[in-house]
Amino acid sequence: MNATLENVLAAHRATAQTIIKNLKKRGMDGAYCATSAEAVELVRSWMHEGDSVTWGGSETFKETGMKAALEDAGCYAMLDRATATTPDEQRAMWRDRTCADWFFMSANALTVDGELVNIDGNSDRLSLLLHGPAHVVVLVGMNKIVADVEAGFKRIRTISCPPNAARLHANTPCELTGVCSECHAKNCMCCQMVVTRHSRHEGRIRVVLIGEDLGY
């Protein structure tokens, strides 16, 4: 390992420990893993055979190998909203997902002071963060760490939304121009802008910081 990378990883560890302490005072748990593989192993150590699992639209959930590991384990009830196609199936799936044992997501940004900063369009992801599933695991690459809430929303508008809009073919201004225009487009991705500054249910939200660049 070269000296530059060693220094970056050392900084990641130090920053993560500061964030973990700040998450604790906000009623959330935190952990740091140097690699995605370590994160998968850690999270699976918290889970039990037969637990129900669902997730939001998270590239990080896939990039880390977490989704594949849980599917391949064959011992969890995987609640995939994409499998529900009719209105009745979608309604039943929503009820099941709301009561899931584990909900996986990432964050659009995480402040050094331990605040989760997120935007959402349909609000499926954020609704399950805020209420419902027994446990929420937030997988966060160190590329998403920001100084404060204002920097978090700036990151979302300039770094997160344009590539996400391209991925989803949203046909929003941020996809077409690469720049946020604070639009009211039909497929606007910023319908909800939410800061999670505290959790009343201590330990329900577990933030796993990973020493890699992950997601958007």
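Two strands count as paired if DSSP finds at least two bridges between them. Helices (H or I, at least four residues) and strands (E, at least two) are DSSP runs, numbered from the N terminus. The model is predicted: local features need pLDDT of at least 70, side-chain atom pairs count only at pLDDT 80 or more, and totals for chains, interfaces and linings use all residues. Residues are numbered from 1 along each chain as its sequence is written, and side-chain values use heavy atoms, with hydrogens and water left out.

**Figure 1. The protein chain has eight helices and ten strands.** Along the principal axes, its C-alpha atoms fill a box of roughly 55 × 45 × 35 Å. The radius of gyration (taken over C-alpha atoms) is compared with a globule rule of 2.2 Å times the number of residues to the power 0.38. For 216 residues a compact globule would have a value near 17 Å, and the chain agrees because it has 17 Å.

**Figure 2. Six strands make an open sheet with parallel pairing.** The order is S1-S10-S7-S4-S2-S3. Strand S1 (29–33) and strand S3 (77–78) are at the edges with a single partner strand each, so one side of each has no neighbour in the sheet. Five bridges link S1 to strand S10 (residues 205–210) in the parallel sense. Tyr32 has Leu209 as its bridge partner in S10.

**Figure 3. An open sheet of four strands has mixed pairing.** Its order is S8-S5-S6-S9. Strand S8 (145–146) and strand S9 (192–196) form the edges; each has a single partner strand, so one side of each lacks a neighbour in the sheet. Strand S6 (residues 116–120) runs antiparallel to S9, and five bridges join them. The bridge partner of Val117 in S9 is Val195. Helix H7 (residues 149–168) packs on this sheet and touches strand S5 (109–111), S6, S8 and S9. Contact means heavy atoms within 4.5 Å. The direction of H7 makes about 40° with that of S6. Axes are lines fitted to C-alpha atoms, for helices over the stretch in contact, and angles run from 0 to 180 degrees between N-to-C directions.

**Figure 4. Helix H2 (residues 36–46) packs against helix H4 (residues 66–73).** The angle is about 45° and the axes are 10 Å apart. H2 is therefore oblique to H4 (under 35 degrees is roughly parallel, over 145 roughly antiparallel, 65 to 115 roughly perpendicular, and the rest oblique). Ala39, Val40, Val43 and Arg44 of H2 meet Met66, Ala69, Leu70 and Ala73 of H4.
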